[in-house]
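Please keep the viewer open as you read.

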Amino acid sequence: MRLSKKFLESGKLQSSIALQVPSPEIFTYPEKVLQFGTGVLQRGLCDFYIDKANRAGIFKGRVVVVKSTAKGGADAFDEQDGLYTHCIKGIDEGVAKEENIINSSISRTITASKDWDKIIEYAKSEEMQIILSNTTEVGITYVANDPIANGCPSSFPAKLLAFLHARFTHFAGSAASGMVIVPTELIINNGDVLKGIVLKLAADHGLSADFVTWLETANHFCNSLVDRIVPGSPDAATNAEICAQLGYEDSLMIISEVYSLWAIQGGAKVKEVLSFAPADKGVIIAEDIEIYRELKLRLLNGTHTLLCGMSFLLGFRLVKDVMANGYLSKLIMNLMLSELALGIPYKMDFKVADRFGRSVLDRFRNPFINHKLIDITVQYTTKMRMRNVPLLVNYAKNFGKAPELFCMGFAAYLQFMHAVKEEGGKYYGDSNGEAYPIQCDYAPYFYEAWKDFDLKKVLSNTDLWGTDLTAVPGFVEGVTKYI
């Protein structure tokens, strides 16, 4: 049978492994959170914390999930009543740990384009207090004059503006009706960036000064960062093996590592509304979260970005297999601790960075996590620019030269972006005769660039990098050596 509320109520659940099951009371909790995105990261981190708090009787609120596009529908969520199994596997302080949880935080899933009227109705709910999002790095984008009055807007910031304006109107600008908005996209100062776009859109539409004041003073746009390795859904064989032990089918199952962190910038009001935070030490609400952001963004995400293309082209497909290779494991450790850690544009004790970096390496080696390298390459160029270019520039500023292993990883990135064919607007590279997808908004640019490749022209493209990378001492020469 398939996992669902009805199945749990039937009494037919017979799991051969330890399994945490939701109490019936949880299904009666009110909907307090509107979440844009159905991705595994949100379900494995944000919804994990909310579910844990609900099970502890702390937050007592559920999540309405908004699917941004109609693609794929919300059928699996509907069939399973939003329930899914979260398998946590890994090493915690040297000890193997495994948990299996039926997450019951999601009350329903709706599609923005089809159910926009329902979303606007949620704007009128007093119990709805929190908005979460993970629309990928390219989701928080300004689309000029994106319509908000007639139907569903195209961009996430415009959707948010429409929702907030409807809320402002319904509650007559009451300060108490403001929302706590926590984007989790991997963008530096994501809350500030989102707020800036929403304000710009409000100006585009000539919305009232009273609304703008309410937007700025009654709502809290929180910068945040998330840190947990949650690969895509397990492959069919792994899913079947786990489901056989659980005694039910689950097409929404996710697997994650043990480690988790959600750092949210905010004060007393944010802590009051995000009352699920005390349920887990991984949720940190503080006025300054910069050190957490820098360590995670640069050492975990930055290392991922530089290792994925190189490792994939060498024939590896999973992060754990790369780390099982003695030579590459040592290379990645040196890249992280001897180059990236020294280029972090934030003052911190190197011992702190070194300790964090070594814990990240242990997480990369987690034998239970099948983290696909190809998944890390999604929006490869944007990730390289945001995560790694600042490290390159700062390292060169500190040491007068480009870091050697960084050059190697960057050269591999350029090779990975070498599209050899285009079909229906999709681009593919070639790795020893195997075609692979290049899932990056800049794939068309590199498809043309590789027809007559000019490294200096690519590196000097400030639209790509935000700066002229040919000005970094030794970078052109370093990349040339490996390309």
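Which residues line the largest cavity? They are E185, L186, I187, I188, S224, L225, R293, K296 and L297. Before going further, a word on what you are looking at: this is a predicted model, in which local features need pLDDT of at least 70 and side-chain atom pairs count only at pLDDT 80 or more, while totals for chains, interfaces and linings use all residues. Residues are numbered from 1 along each chain as its sequence is written, and side-chain values use heavy atoms, with hydrogens and water left out.

Back to the empty space. Rolling a probe the size of a water molecule over the atoms shows where such space is left. Here the search runs on a 1 Å grid over the protein atoms alone: a cavity is a set of points where a 1.4 Å probe fits but cannot get out, a pocket is an open set with protein on both sides within 12 Å along at least five of seven lines, and lining residues have an atom within 4 Å of a point. Grid points are joined across faces, edges and corners, and a volume is the space filled by probe spheres set on the points.

The structure holds 2 cavities of 30 Å³ or more. The largest cavity contains about 60 Å³ of space. Strand β9 (224-227) and helix α11 (290-313) each supply at least two residues of its lining, and α11 gives the most, with 3 residues. (Helices, H or I with at least four residues, and strands, E with at least two, are DSSP runs numbered from the N terminus.) By class, the lining of the largest cavity has 5 nonpolar, 1 polar and 3 charged residues. In this scheme Ala, Val, Leu, Ile, Met, Phe, Trp, Tyr, Cys and Pro count as nonpolar, Asp, Glu, Lys and Arg as charged, and the others, Gly among them, as polar.

The second largest cavity has a volume of about 40 Å³. Around the second largest cavity you will find I229, V319, K320, R363, F364, N366, I369 and H371. Two or more of these lining residues come from each of α12 (319-323) and α14. The lining of the second largest cavity divides into 4 nonpolar, 2 polar and 2 charged residues.

Now turn to a space that is open. The second largest pocket has a volume of about 760 Å³. Its lining has 27 residues, of which D92, V258, Y259, S260 and K281 are the closest to its centre. Helices α3 (46-55) and α14 (350-364) and strands β3 (84-92) and β4 (95-103) each supply at least two residues of this lining, with β3 giving the most, 4 residues. Sorted by class, the lining of the second largest pocket has 8 nonpolar, 7 polar and 12 charged residues.

Along with F410 and F475, F364 has the most contacts inside the largest nonpolar core, which has 82 residues. Such a core is a set of buried Ala, Val, Leu, Ile, Met, Phe, Trp, Tyr and Cys residues joined through side-chain atoms within 4.5 Å; buried means under 20% relative accessible area, exposed over 50% and partly exposed in between (1.4 Å probe, protein chains only). Helix α17 (residues 404-416) contributes the largest share of this core, 10 residues. Not counting residues up to four places away in sequence, F410 touches L306, M384, L459, W465, L469, F475 and V479, where a contact means heavy atoms within 4.5 Å.

What about the cysteines? The count comes to 0 disulfides, a disulfide being a pair of cysteine sulfur atoms within 2.5 Å. The sulfur of C243 is 8.3 Å from the closest cysteine sulfur, in C87, and therefore too far for a bond. For C407 the closest cysteine sulfur, in C308, is 17 Å away, again too far. C407 is buried, at 1% relative accessible area.

Finally, look at two backbone angles. Most residues other than glycine have a negative phi. N145, though not a glycine, has a positive phi of about 55 degrees; N145 sits in the loop between β6 (130-133) and α6 (156-170). N189 likewise has a positive phi of about 55 degrees, in the loop between β7 (180-183) and α7 (190-204).
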